[in-house]
Amino acid sequence: MSKVRWAALTATVAMTASVFATLSDAILIDTVSGSKHWQTVFTNEVSLRWNWATNTVRAELVIAGMNGTVTTNFIPSVSNYVWRTFETAVPSAEDIYDLTLRFFASGDGLVEAWTGRLAVVSGAFGGTAVDAVGTSPAWSKVKGTAILPYDATWTVASNAVNPQIVIAKVGGAVQTNAFANTAGYCGWKLRNSGWGYGTFDLTLSFASVTNEWAAEVTRPLDGTMVRMQ
């Protein structure tokens with residue numbers, strides 16, 4: 001299974017009435033293939049392009065997020081698709097998407113499959129409120145969904161591999177999320193997923209690295225609480 005070879009590039013070149021061109025804004029180019037930048041959406045329209053495998057008659061694109069799944073089919077005359085991730089200038093909710101593009105031969109035999117993962121984080125659009133108070137209780141609270149970033153560059157070891165994020169509810173369920181890439185995102189869906197409310201311990205670790213990173217967060221009850229005596 002090969003990694004998806006989709007890329008989105010946005011640039012604007014304006015032409016003046018006197019036919020003089022102006023330069024487009026600078027574009028960040030990250031040459032580190034394992035960087036989280038390659039998994040982060042920076043525009044609400046993502047252009048997906050592909051080459052058809054030999055002897056294929058149709059392709060199926062599945063985009064699965066924490067809040068739903070969309071499936072689109074293509075014929076060999078189509079080699080691109082514009083995926084509109086959200087409708088507003090800044091996303092109203094963060095999400096992480098697993099993209100799978102499958103190519104089928106006549107008779108629906110699977111020929112090849114490409115996969116990829118993209119995260120929509122509001123901070124990439126300047127839409128995240130920053131709480132500068134380090135002791136603020138907001139830092140330790142979660143609500144319905146959360147995007148957890150991880151990166152081997154947080155360690156001092158160059159041989160860090162096989163990252164995993166463990167989410168353990170105090171007195172409850174434990175979920176281990178293992179990843180192949182040393183940098184990326186983990187989606188944590190709390191609402192309607194059986195997690196309930198309470199305190200959660202989160203740990204990030206890498207193989208061949210002694211240290212681990214830990215955090216404790218709480219999910220308070222929704223709505224208004226009234227205490228009566």
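From the N terminus on, the elements of the protein run β-β-β-β-β-β-β-β-β-β-β-β-β. Helices (H or I, at least four residues) and strands (E, at least two) are DSSP runs, numbered from the N terminus. The model is predicted: local features need pLDDT of at least 70, side-chain atom pairs count only at pLDDT 80 or more, and totals for chains, interfaces and linings use all residues. Residues are numbered from 1 along each chain as its sequence is written, and side-chain values use heavy atoms, with hydrogens and water left out.

Of the 229 residues, 34% count as buried. Buried means under 20% relative accessible area, exposed over 50%, and partly exposed in between (1.4 Å probe, protein chains only). The protein exposes about 14400 Å². Carbon and sulfur atoms supply 55% of that area. Areas come from the Shrake-Rupley method with a 1.4 Å probe; for residues, only the protein chains shown count as cover. Contacts (heavy atoms within 4.5 Å) were also counted by sequence separation. Among those between residues at least 6 apart in sequence, 64% join residues at least 24 apart.

Strand β6 has partners on two sides of the sequence. Strands pair if DSSP finds at least two bridges between them. β3 and β6 run antiparallel and are joined by 7 bridges. Glu60 has Arg102 in β6 as its bridge partner. β6 also pairs with β7, again in the antiparallel sense, over 10 bridges. Here Arg102 is partnered by Ala113 of β7. β6 and β7 form a hairpin with 5 residues between them. In its turn, Gly107 has a positive phi of about 90°. β6 is mostly covered, with 8 of its 10 residues buried.

In soluble globular proteins, nonpolar side chains tend to be buried together. A nonpolar core is a set of buried Ala, Val, Leu, Ile, Met, Phe, Trp, Tyr and Cys residues joined through side-chain atoms within 4.5 Å. The largest such core has 20 residues. Leu48, Trp50, Trp83, Leu99, Leu101 and Phe103 touch the most other members. β2, β3, β6 and β7 each supply at least two residues of this core. β6 gives the most, with 4 residues. A second, separate core has 19 residues, including Phe179, Leu190, Trp195 and Phe200.

The structure holds 11 aromatic pairs. Rings of Phe, Tyr and Trp (its six-membered ring) pair if their centres lie within 6.5 Å; planes under 30 degrees apart count as stacked, over 60 as edge-to-face and the rest as tilted. The rings of Trp52 and Phe103 have centres 5.5 Å apart and planes at 70°, so this pair is edge-to-face. Trp52 lies in the loop between β2 (45–49) and β3 (58–65), and Phe103 lies in β6 (residues 95–104), 51 residues apart. Trp52 and Phe103 are buried. Phe103 also pairs with Trp114; their ring centres are 5.5 Å apart and their planes at 70°, so the pair is edge-to-face. Trp114 belongs to β7 (residues 110–120), and 11 residues separate it from Phe103 in β6. Both Phe103 and Trp114 are buried.

Elsewhere, ring pairs link Trp50, Phe74 and Tyr81 into a cluster. The charged end of Arg58 sits over the ring of Phe104, 4.2 Å from its centre. A charge sits over a ring if NZ of Lys or CZ of Arg is within 6 Å of the ring centre and within 35 degrees of the ring normal.
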